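Here is a short tour of some aromatic rings, charges and annotated segments. Please have a look at the structure first, and then read on.

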Amino acid sequence: MDTESKPCTCQNNSSGYKELTKLCQSSDNFCTVCARLDAIDARISAAQAALEALQCERDGLASQLNNAHLSRIDRLPIEIAYIIFEFYVTEQDSPLTLGAVCQSWRRIAWSTPSLWTTLNVRLTRKNVSENRIQLANEWLMRSQKQPLSIRLYVKHGHSDMGLDDFSQFYPLIDLVNDHAAQWQRLSVTLPRELLVRLDDMGSTTSILTSLSLHSNHSKIINNAILTHTTPHEVLIFGRCFTAKSLNWTNVTHFKASYISLDQTIEILRLSPQLIHCQCDIREDPGPSDVLRPPVHPRLKSFDIQLDGPETDLLFETVDFPDLKKLIIRGEYEPLAIEVLSNFLQHSANKLEQLSINAFRLSGDDLVQIARFTPLLKNLDLADIVGPDDLSAFYICMSAHLPTNDHGLPTRSSPLLPCLQSFRWYGDTSVPWHHIALLLPPRDQSHASRRPLSLIQVCNCLYSQDDPVPYVPAAILKQFLQYSDDIKFEFEVEFYEGQGTEDLMALSLQRTDFDIVCTFLVITPSSVLPHVVPAFLISFAMDNGQCTSLPLLFLSYWTFFFTAPSRQAVSPMNTGSSSCNCQNNSSSNKEPRRLCQSVDDCCSVCAKLEVLNSRISELKTALEESLHERDGLRSQLNNAHPSIVDRMPLEVASIVFDFFATGRDSPLVLGAVCQRWRRIAWSIPQLWMAFELRIEGEEVTENRVQLAKDWLARSGGLPLFISLHVQHIRRDTNRNFSQLFSLIDLVNEYSDRWHKLSVWLPRCLLARLNHKSSVSSLKILRLCSFDEESLDIDTLAGVAPGKLSVHGFWFSAGSFNWTNVRHFNSSLIWVDQLIETLRLAPKLLSCIFDSLCLRGDVPPAVPFRPLAHPHLRSLELEVGKMGMAPILSTVDLPNLRKLHLRGYFDEVATDELSYFFRRSANKLEDLSITGYSLSGDDLVQITKYTPLLRSLNLGDIDHNDNLSSFYHAMAATSNDELPVNTVPFLPHLQSFRWQTFAGVPWDLIALLLPRRDQNGRCLGRPLNCIQVSCNRLDENDNPVPYVPTAILEQFSQYLEDIEFEFEVDFDEGTKDLWALSLNMVNK
């Protein structure tokens, strides 16, 4: 490279920008390429300026086009515009959107009363301002005298809104009351304080058809609130409503939840027009003298949810002679058969549908019930708990006539002679053999058997362990013989919302092929496409019997599943002879010519046509100039070498090295150009770090060859290798043999390992091998996901300074511990921990997670005592049983830091105290988390740590809030202690408390030092107190605010002690000190 030549100031053209830049800086000494580029840029700038001016002029024609050409809505008759606007306005689309388009649309929308008949208002703490009240008033005024549909609601589950004063909402409620005469549908979900303000006194006539009231408040509303309106449909949700709250004169449909029995009966008495009633009775009945027996002659449907003794009281009290539908839902309590039978005897002469859900019921009980329902057409049994799977009922149904004690048919009327449909639902095993008894005999005439046409079975699986209740082959064959007369709908609901499957299809799929063919032959063509799923073809092919499929089935399949689809209807051609124009308010931002005729064009459209022509010509010329400009890219690169090309090779190497130090691969540099590739390929330090993540894809020969080339370019430099194979734990079906060649490649460079970090399955970890007699390894990290035992003797030749082992049980003898100073491990046996400390003489710090005793029992023979003179930091995650042998065996005279994490069992207090007496003379940092510990235990432990500076207590399970410990800490001066007694923790500087429950603020305040006459702190040098509260359940665990008195006490030490208080919320961690101050200010 010639460094003496005058360099041309340039930009590297290999960047990601599409724009080209002149690389010659001096205008007096332009090269021919830059001069040509300058001329092209001038033409492009002039064309862009002219194009922008023409486009601005064209945009200015938009308003003129609108004035010269009326929109489609403006040209329609006003009645048609009304209809279009009514189709647009729904619950999601507000008529205010129409009014925001233009003045003409606003006039149409504002003058159409039908657009303003639906008002939905969601109430929050802040949204009921005067402007919103005024908007609601104008909204309702525009409806004129049209019937209104009004909905007022608060967020679900927040009906109390967290307020004490609701006066800000009164104007809105009063506004709704003013239009009571127009109410057609009224739905309110409000606090009780606002519900009682509803008033229909201004209504002389009532057009209300539907009324819905919802409140979570439990206090009863004793006063009548809506007595002038007479709705036809009433829905009540909540405990605060009573029968006297409403006018029941015209009510035909009623639904309620959380209502008492006496109120239900009173409503039945007050509703002479009632036809359908659905109640969820959850309250205890009132006094018995209130339950006067009502007879309701018009009620046809009665749906009741019962809980407890209400069953007896209800059916003893009511009588419905015209009842046709009865649904009884319970809570798995015994059903009062005698009472229900008496009720049916008086009320079930016309009953056609009966549903019994979640009751304890036997077959004999069901037979007794069925005898009083001679006209029953639909029977639904769901979640029935009984001793006999209702076998007596099914047997009685199979006889088609009731039987006497001797098993002989009687002369009484048939049992359920009009039954047309039967449904069974449950989460237990399906009684298929009993359900098959419902099928009539084949030799019996249709006139003498039940008109049964539908049998439904639905089974719910609540866990993956529940077996699928397939239909037995014999029963399935029996069902298939009736497929032309009876429709079978069998389904199974899988656990955790995984969907519903056709149980008939699943059973057919695992049934003999002969039964399937029989089913295909006997099924008529009208039923076949609804019953036969497509997988039956694959079933036959999988069993090698496709040739035996009947031709009839194939013809049916071809007919039903290859029928041509319907053709869409063409849009209507209006054939209008007027000027065909488009509304310019569409989403297209460019003005369009609206006159269709060329001979008869308005002046605005003619001007727009000229502008469009000139704009098109300019765009064409601009595209040609830009294309010509792009063609200069290669010429610029050849005429002006890049910055990197003009740099010395040593400087380029440094630049590339900076680029490749992060997550960027040197392969990116080689993809720029050939020269960059030559430079990058010749710099060994770019290839020292080799990282490979395999996430399920195969390791091809190309990838292995790429790894070989990568490592070969590193020269003789130390290597930083990281391998990570993503793997599902205990996935034994995956074959890892394809990765052997990659592991063998890594082994070939074992003499240059500086850092080796692998996350591999057990079979690949065992293949690692240090083949060289020389080792430069400093960091070794071995991870697996099998959680099994593994001995890696092939790595005994390396002596790393930092070692990490995770995810498998190892033997300490598998590694060379000569130079190990830092060790981190999980899944380790206690005996191997002690052996590790014995084999690692230079160890300074170690972390052991998931420590366990072999067999979970203490060793029969105590471990040989061990003293490690160099270890300074030790972190253990271990229970009491595993902690005791370690503390009794190990002596660490130079220990500075000890962190203990447990599993919420008791701490080995005696062993820990004995350990501290031997090893804690220099201990400065102590952390105990996740143990059951008392204050006396903590005092006994810490009295042997005189040099302790930091103490962390986390998630301590205690009964005394460690009170004795805090009181011991409160004695800070020698005057308060006995003679010859050393002060307790005299050097403590930092104290931290972590908890899931409440915070003992009064005890923590005992840590504060006392002051002398000059205001200086006496005693220990405490400078930091940290409190962290992690609330697992925000509803059960309130925020532990700092009490006002304690907060004032802490505030006096702000200059000497740093207070860090925090609490966890769903949205993150918050400053508990600030929250407590805000609470005090409020």
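## Buried aromatic pairs

Phe915 and Phe916 are both buried, where buried means under 20% relative accessible area, exposed over 50% and partly exposed in between, with a 1.4 Å probe and protein chains only. This is a predicted model, in which local features need pLDDT of at least 70, side-chain atom pairs count only at pLDDT 80 or more, and totals for chains, interfaces and linings use all residues. Residues are numbered from 1 along each chain as its sequence is written, and side-chain values use heavy atoms, with hydrogens and water left out.

Rings of Phe, Tyr and Trp (its six-membered ring) pair if their centres lie within 6.5 Å; planes under 30 degrees apart are stacked, over 60 edge-to-face, and the rest tilted. The count by this rule is 35 aromatic pairs. The planes of Phe915 and Phe916 meet at 45°, with ring centres 5.9 Å apart, so this pair is tilted.

## A ring cluster

Phe810, Phe815, Trp817, Phe823 and Phe848 are linked into a cluster by ring pairs.

## Charges over rings

A charge sits over a ring if NZ of Lys or CZ of Arg is within 6 Å of the ring centre and within 35 degrees of the ring normal. Arg197 places its charged end over the ring of Tyr170, 4.0 Å from the centre. Arg142 lies over the face of Trp116, 4.6 Å from the ring centre.
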